[in-house]
Amino acid sequence: MEPFPSDRVQLPRNMIENSMFEEEPDVVDLAKEPCLHPLEPDEVEYEPRSSRLLVRGLGEQEIDDDEEDYESSAKLLGMSFMNRSSGLQNNMSVYRQNPNGSCSVPSTRTVVVCTVVFVIAFSLIIVIYLLPKCTFTKEGCHKKNRTMELIYPLATNGKLFPWAKVRLPPDVVPLHYDLVLQPNLTTLKFSGSVKIVVNILHVTQKIVLHSSGLNITKATIASAQGHQAKLVEFLEYPLHDQIALMAPEALLAGQNYTVNMEYSSNLSDTYYGFYKISYEDENSKQRWFAATQFEPLAARSAFPCFDEPALKATFLIKIKRDEKLSTLSNMPKKATTPVTNGIVQDEFFVSLKMSTYLVAFVVADLKNISRITNGTLVCVCKFCFVLPKLTRLLNKTKMSPNQQANSVSLKFVYLLHFIELIIAMGQKLCAIKWTEVSVYAIPQHVNQIGYALDTTVKLLKFYQNYFLMKYPLEKLDLVAIPDFQSGAMENWGLITFRETALLFDSNTSSARDKKLITSVIAHELAHQWFGNLVTMEWWNDLWLNEGFATFMEYFAMEEVFPELHSGASLLLMLKHYLSKDVFQAGIEVYLHNHSYGTAQSDDLWDSMNEITNGTLDVKKMMKTWIGHKGFPLVTVVRKGKIISVQQEKFLFRVEPENWTSDASYLWHIPLTYITNRCNFTHCTNAFLLDQKSAVIELPEEVEWIKFNVDMNGYYIVHYAEDWKTLIDLLKKNHTALSPKDRANLINNIFNVARLGRESLEKAFELIDYLSKENSTAPLTQALFQLSLIYSLLDKKGEQQLAARVMHRIEHLLGDKIDQQRWTDDGALSERELRSTLLAFACTHDIRNCRTTAAKMFETWMKSNGTVSPPSDVMKAVFAVGAKSNDGWEFLLKMYFSSVSESEKNKMIEALASTEDARKLIWYEGAKKLLMQNSLEGEVIRSQELSHIIATVSQSLPGYLLAWDFVKESWEKLTRKFHLGSYTIRNIISWSTSQFATKAHLLEVKSFFESKSEESSQLRCVKEAIDTIQLNIQWMERNLAKLQELL
Ligand SMILES: [Zn+2]
């Protein structure tokens, strides 16, 4: 999943944006924490003790899996390593598993070849797999967990529920689901039946699985031998979203059984599960749209299932629908058959083995465009399944230099040649199939999906080449959903998007919109491998999905669209440390080893280590990053040619005098640096800092040194006594450093100043060179940092001082603002800069921004919306237009009739940016808050709410209003968006981020404490409180200084 990018909060603590750890922290907590599901009052009596304590006690034995042993002894010095990857890549062939794992009918010759090949491959694999695995681990074989005494909770009918844990019992695993659904878009209900083939691992009398809010009317169990299905009793335990089917007799280990259930439910009015969306069609008629969002825990509210990511199975989905609508699901459609009058049933092909949270379906009136793209290898025989493994095994054997050195026996060489021959024959047996890429939207948006299709095809090709692994399905659908909470969701073969993250309209979509659409598609496509093909074992490793998708998003963007630049990520740092080729080979090993299965963080590091062959211990290094929250601050002191470096945790809150800092934090940081002796990327120097402090001795004395080359590392640098040198360098010759390095220096000095480790004066001095700056990255970074300061002062009531900050900004950037053209031409980065600078200038009324914008707005208004302003300056133009009464009303009118989502997005931002508080409260006599209307989803969709709150909180008249709204609507907000969602996180962050007084701190604290325990425990609430404390501290420290400084 991907949060909607424009919602991403830009708070001081998030100065390294898009960190993999910022992805969905609270969602992960929700998946882990049992008590975050609302406890109905009448359920309490069934619970003999506090459920939290109960579960905690029982959960103890599970903890050992999570306990990491942080090794810290051996050193990783020396940056050289074996690069085996190039050969590996060239030789690696990729094959695809048949979706249902079966062979089509082969010819006699095929059968013979297949048999020979299969027997050999099978023997090899058996030998490898039969070796006791535990003999290779230093821990030896694990003993089985001791059984603990369980205290069972009570089911809804008062009987004992036979399972007390949040995780499902390990005795039963699902193999296959047959799911039939009939949603009714008139009654807004759906009915369904599910048949699940399960395999029994340990003899048991019960089958426990997930179900949430489903009215189950019938449950049966049948043995696989075709015995008659028997009606069984089922118990429900809503606190854990679990049901238990009680078998009349023991279910035998090793046997398969079929569970059958019939049920019904309502289409959800939240953004979770199988949910309904209302929208207006071209004729302004209200229509309904049904779609799914299952990640992380909502598949269970659409059908009873084993809703854990590791419990993968195959799915056969059938959906009954109105003949005028269409349906989509993960797999291509197999057949459509009539059911009754006007109702038909679509049947989809059986899916690959996949997790429940990736299942998806859409029922709606849709139009699409499609393109066939390059080939997918398809199995005609089971041998294809073994082929990739065999190829990899062969390559590994061939590549190992030890083998060559030890001059292996002749027999072994013959064996290798023989295997090579088999592989060559196998490749001939595998035919080629194509992947059809389609983009879908409601009919009035069908002319805005061309860009998404082109981009998807381009990126799909890039990923297939990079991973050396084809996209495994025959189709890939991307669907624009009219109301969608996050940015997009990576369901396998059916990616769902918010409309603004997929629809591109050449008249109204700006360069930034294009970047957003491209990056969201890149992110979700990467998930088709990272997340869908290889899935995290459990939600605590969600970063394996999200961290990777985010990394690949940046990486793909840079490769396919070099004009766009991206953010920092841990994996990007690792890629630079290991080199491109080694990193890529490691990814390939990882994907091949865990396809159609699950993985944990260690599996990824092990795959990388397989490539580095022990020369670099990636696992040891990365454990120091994954195990700790946050990131390090590296302090650099230069004395002649001796450079001392020291690391500590970067923490805003700690006072400088208590700075001894937490000793348990030690990162293995791959430092990079350049000096005046050699300041090009090709002569970047590297040093692994794996101690608290270390000394780097340079070959000769240098004039200056800059760490974290091109911002590729995940750390902040403080040049304790050396900022002055860098300030002078920027003043004299700023192009000695790359634009990324310059942006990095600006970011770092403001953060170090925020800590109180460096004076704000120095930070201001560093950006004095900006009038000479022409690159987008340093300019936007400086503007971001200064805006933060301006905004805090403004809200604190220090208007005079705020005005002086604005004056400083104008002094630095005024010329740059004047130079901007009010058009859509130029390179992407120029266009981005133009949008940023002009929107800023118009918002704060500097230079002549508002005059030009007002003229353009008038032209637009006079043309009744037909002569649009250039898309890159549209935001600035609308914001200025919204300042007048007529302009605001006109914008509101146009908002209702516009068919371009990116235009509407800019309109809603302009509407919410008004300084007339009455407009935020009233509109069109309907006496509804703009925010209230969005919450209820009446005219303004609920998906816009966090965006509206973000905008309202930025203005002085709005920021208290936004917080009041959040307080008053808290119950509705959490019902609509769910605690732990991105949306709630963003709403909390935005509505509180401008507070800088003790009174506000107290108010925010006590508000969340007065709500449920879950609310006050949310990580985003703690972060919000931290931010306010930080703001207070910043004010105390800097207010007086700023008076002098400005
Ligand atoms: Zn994602």
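Ring pairs join F462, Y463, Y466, F467, Y471, W529, F530, F548, F551, F555, F583 and Y590 into one cluster. The model is a predicted one. Across the structure there are 51 aromatic pairs. One of them is F530 with F548, two members of the cluster. Their ring centres lie 3.8 Å apart and their planes meet at 5 degrees. Planes under 30 degrees apart count as stacked, so this pair is stacked. F530 sits in the loop between α9 (511-527) and β21 (534-536). F548 belongs to helix α10, residues 542-560. The pair therefore ties together parts that are 18 residues apart in sequence.

A second pair shows another geometry. Y673 and F707 are 5.3 Å apart, centre to centre. Their planes make an angle of 45 degrees, and the pair is tilted. Y673 lies in strand β25, residues 669-675, and F707 in strand β28, residues 705-707. Y673 is buried, at a relative accessible area of 7%. F707 is buried as well, at 0%.

Rings also meet charges. The charged end of R167 sits over the ring of W538, at 3.7 Å from the ring centre. K795 lies over the face of Y959, and here the distance to the ring centre is 5.8 Å.

Next, the charged pairs. Side chains of opposite charge can pair when their charged atoms come close. A search of the whole structure turns up 44 salt bridges. In one of them, the side chains of R321 and D346 meet at 2.6 Å, N to O. This pair links distant parts of the chain, 25 residues apart. R321 is in strand β11, residues 314-322, whereas D346 is in strand β14, residues 343-348. Both R321 and D346 are buried.

R677 and E700 form another salt bridge, with 3.8 Å between the closest N and O atoms. The cut-off for a salt bridge is 4 Å, so this pair is within it. It again connects distant parts of the chain, 23 residues apart. R677 is in the loop between β25 and β26 (685-689), and E700 is in the loop between β27 (693-697) and β28. R677 is exposed, with a relative accessible area of 52%. E700 counts as partly exposed, at 35% relative accessibility.

R821 is partly exposed, with a relative accessible area of 42%. D825 also counts as partly exposed, at 38%.

L415, F418, L421 and M425 make it, and its area is about 350 Å². F418 is found in helix α7, residues 410-429. This residue is partly exposed, at a relative accessible area of 37%. Residues of a patch need over 30% relative accessible area, so F418 clears that cut-off.

For a buried site, turn to A763. This residue is in helix α17, residues 760-766. At 0% relative accessibility, A763 counts as buried. What does A763 touch, leaving aside neighbours within four places in sequence? Its contacts are I749, F750 and A753. The C-alpha atoms of A763 and I749 are separated by 5.6 Å, and these residues are 14 apart along the chain.

Finally, the whole protein. There are 32 helices and 29 strands. Of its 1046 residues, 58% count as buried. Among contacts with a separation of 6 or more, 73% come from residues 24 or more positions apart. The protein exposes about 41900 Å². Carbon and sulfur atoms supply 52% of that area.

Methods: Residues are numbered from 1 along each chain as its sequence is written. This is a predicted model: local features need pLDDT of at least 70, side-chain atom pairs count only at pLDDT 80 or more; totals for chains, interfaces and linings use all residues. Side-chain values use heavy atoms; hydrogens and water are left out. Patches are made of residues with over 30% relative accessible area and no salt bridge: like charges are joined within 9 Å, nonpolar side chains (Val, Leu, Ile, Met, Phe, Trp, Tyr) within 5 Å. Accessible areas come from the Shrake-Rupley method with a 1.4 Å probe; for residues, only the protein chains shown count as cover. Helices (H or I, at least four residues) and strands (E, at least two) are DSSP runs, numbered from the N terminus. Buried means under 20% relative accessible area, exposed over 50%, partly exposed in between (1.4 Å probe, protein chains only). Rings of Phe, Tyr and Trp (its six-membered ring) pair if their centres lie within 6.5 Å; planes under 30 degrees apart count as stacked, over 60 as edge-to-face and the rest as tilted. A charge sits over a ring if NZ of Lys or CZ of Arg is within 6 Å of the ring centre and within 35 degrees of the ring normal. Contact means heavy atoms within 4.5 Å.
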